Structure formats: structure tokens, C-alpha cells
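Thanks for coming, everyone. I'd like to walk you through one model today, so please have a look at it while I talk.

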Amino acid sequence: DELFTLYNHKFESKKLEHVKDSFCFACFTGLRYSDIRTLDASNIIDGYVIKNIQKTKEVGSKIPINKYALEILNKYLETIHYPLPIISEQKYNKYIKECCEKVKINTSTTIIEYRGSESTQKTVPKSDLITSHTARKTFATNSLILGMKELVVRSITGHKKESSFKKY
């Protein structure tokens with residue numbers, strides 16, 4: 001619900017609209033920020049993103065583009081920003097928090113941090129916790145909830161080890 005609240009919101013600010021679109025695209029495809037940043041029109045082929053994944057050096061990953069991701073791409077088709085407008089990751093993480101705050105994705109969320117045998121907890125608005133990596137987690141979680149097989153989701157996200165994927 002929160003993803004579609006964000007996806008359907010039209011921001012007056014161009015920078016927030018661009019960040020929202022890039023974040024939602026990542027939520028719909030599972031791509032890392034580093035791969036979205038280097039995405040090129042030539043990577044969009046017959047309903048797929050076909051790309052060499054930067055972090056894992058995986059060659060020719062084939063990621064399906066659903067209708068929501070396609071709507072985002074089509075929005076920028078006739079602009080100099082195609083396939084997506086990109087800014088620095090630091091500003092992206094700052095602005096996605098602002099986007100989430102504006103659309104009221106701000107449920108109080110308690111996080112627990114462990115350092116050795118000691119734990120501390122703090123409660124913050126959910127919007128404060130949203131980063132570029134949240135999009136990959138959202139993709140994995142939603143895909144599994146919607147019935148996609150774990151192996152398929154892992155192949156899209158590039159997780160070789162089940163133990164790494166289970167953290168999601």
C-alpha cells in the first residue's frame with residue numbers, strides 16, 4: 001500500500017518526482033541504485049532490462065519490466081533523462097526520505113541495534129529509515145508475497161547464497 005501511495009503521488013517539485021520515479025522503478029525491478037544510475041536506453045529490450053550488474057559483475061542479467069516500471073520508463077521516453085533521471089546517491093537518499101514524509105509514510109518504527117551483548121532501541125518515523133537499498137528489500141518482499149518463487153526472485157536480485165537472501 002505504501003509503495004503505491006508513493007507511486008501514485010504527483011510531486012510539485014521536479015527533483016522529488018524524479019527521485020520517486022527512480023525509487024519506485026527499483027522497487028518494481030529489484031535493481032540496485034548503482035545499476036539504475038548506469039542504466040541506458042540500450043538496456044531496455046523487449047520488456048526486460050538486460051544489463052551487466054555492477055556489484056556482482058554478473059553479465060547479461062535479464063530482469064522483467066512490469067507494467068508499473070514500464071509506465072515510469074515511458075514517462076521519460078521523450079526526454080534527455082531517458083531511461084531515468086539520476087542524481088548522487090547521497091541526495092537521492094535524502095530526497096526519498098522527504099518524499100516518504102510528504103506522502104505520510106511515517107509510522108513510528110522501533111529499531112534495535114546490537115553492539116556485542118548490548119542492545120539499544122529507538123523509535124523513529126519510517127520515512128527516516130528509507131534509503132535506496134529499501135527498494136531492493138521491497139522488491140524481494142513483495143515478489144514473495146505475490147507468489148513468485150524464491151529461486152526466481154534470487155535470480156533477479158542476484159543473490160547466489162540462500163543465507164544472504166534470507167536477510168531480506
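Helix 2 and helix 4 cross in a left-handed way. This is a predicted model, so please take everything I say as computed from it. The angle between helix 2 and helix 4 is about 145 degrees, and their axes lie 9 Å apart. On the helix 2 side, the contact is made by Glu17, Lys20, Asp21, Cys24, Phe25, Phe28 and Thr29. Helix 4 brings Tyr68, Ala69, Ile72, Leu73 and Lys75. Sorted by class, the contact of helix 2 with helix 4 holds seven nonpolar, one polar and four charged residues.

Now please turn to helix 6. How do helix 2 and helix 6 cross, left-handed or right-handed? The crossing of helix 2 and helix 6 is right-handed. Here the packing angle is about 35 degrees, with 7 Å between the axes. Helix 2 uses Phe23, Ala26, Cys27, Phe28 and Thr29 for this contact, and helix 6 answers with Thr134, Ala135, Thr138 and Phe139. By class, that contact of helix 2 with helix 6 has six nonpolar residues, three polar ones and no charged ones.

Let's move on to the core. There are 39 residues in the largest nonpolar core, and those touching the most other members are Leu6, Phe23, Phe25, Ile72, Leu84 and Ile96. Two or more residues each come from helix 1 (2-8), helix 2 (14-29), helix 3 (33-37), helix 4 (67-75), helix 5 (89-102), helix 6 (132-145) and helix 7 (150-157). Which element gives the largest share of this core? That is helix 2, with eight residues. If you click on Leu6, you will find contacts beyond four places in sequence to Phe11, Lys20, Phe23, Cys24, Ile96, Cys99, Cys100, Val103 and Ile105.

On to the cysteines. How many disulfides does the model have? The count is zero. For Cys24, the nearest cysteine sulfur belongs to Cys27 and is 5.7 Å away, so Cys24 is in no disulfide, given a cut-off of 2.5 Å. Looking from the other end, Cys27 has the sulfur of Cys24 as its nearest cysteine sulfur, and Cys27 is in no disulfide either. Are these two cysteines buried or exposed? Cys24 is buried, at a relative accessible area of 0%, and Cys27 is buried too, at 4%.

Next, a couple of backbone details. Most residues other than glycine have a negative phi. Asp46, however, has a positive phi, near 50 degrees. You will find Asp46 in the loop between strand 1 and strand 2 (48-51). With a relative accessible area of 73%, Asp46 is exposed. Lys104 is another non-glycine residue with a positive phi, this time about 70 degrees. Lys104 sits in the loop between helix 5 and strand 4 (108-115), and its 62% relative accessibility counts as exposed.

One last stop, Asn43. Asn43 lies in the loop between helix 3 and strand 1 (44-45). Is Asn43 buried or exposed? At 12% relative accessibility, Asn43 counts as buried, because the cut-off for that is under 20%. Leaving aside residues up to four places away in sequence, Asn43 touches Thr38, Tyr48, Val49, Ile50 and Lys51. As for Tyr7, it is 36 residues from Asn43 along the chain, and their C-alpha atoms are 23 Å apart.

That's my tour, and I'm happy to go back to any of these places with you.

Notes. Residues are numbered from 1 along each chain as its sequence is written. This is a predicted model: local features need pLDDT of at least 70, side-chain atom pairs count only at pLDDT 80 or more; totals for chains, interfaces and linings use all residues. Side-chain values use heavy atoms; hydrogens and water are left out. Buried means under 20% relative accessible area, exposed over 50%, partly exposed in between (1.4 Å probe, protein chains only). A nonpolar core is a set of buried Ala, Val, Leu, Ile, Met, Phe, Trp, Tyr and Cys residues joined through side-chain atoms within 4.5 Å. Helices (H or I, at least four residues) and strands (E, at least two) are DSSP runs, numbered from the N terminus. Contact means heavy atoms within 4.5 Å. Axes are lines fitted to C-alpha atoms, for helices over the stretch in contact, and angles run from 0 to 180 degrees between N-to-C directions. A crossing is left-handed if the near helix is turned anticlockwise from the far one by less than a right angle, and right-handed if clockwise. Ala, Val, Leu, Ile, Met, Phe, Trp, Tyr, Cys and Pro count as nonpolar, Asp, Glu, Lys and Arg as charged, and the others, Gly among them, as polar.
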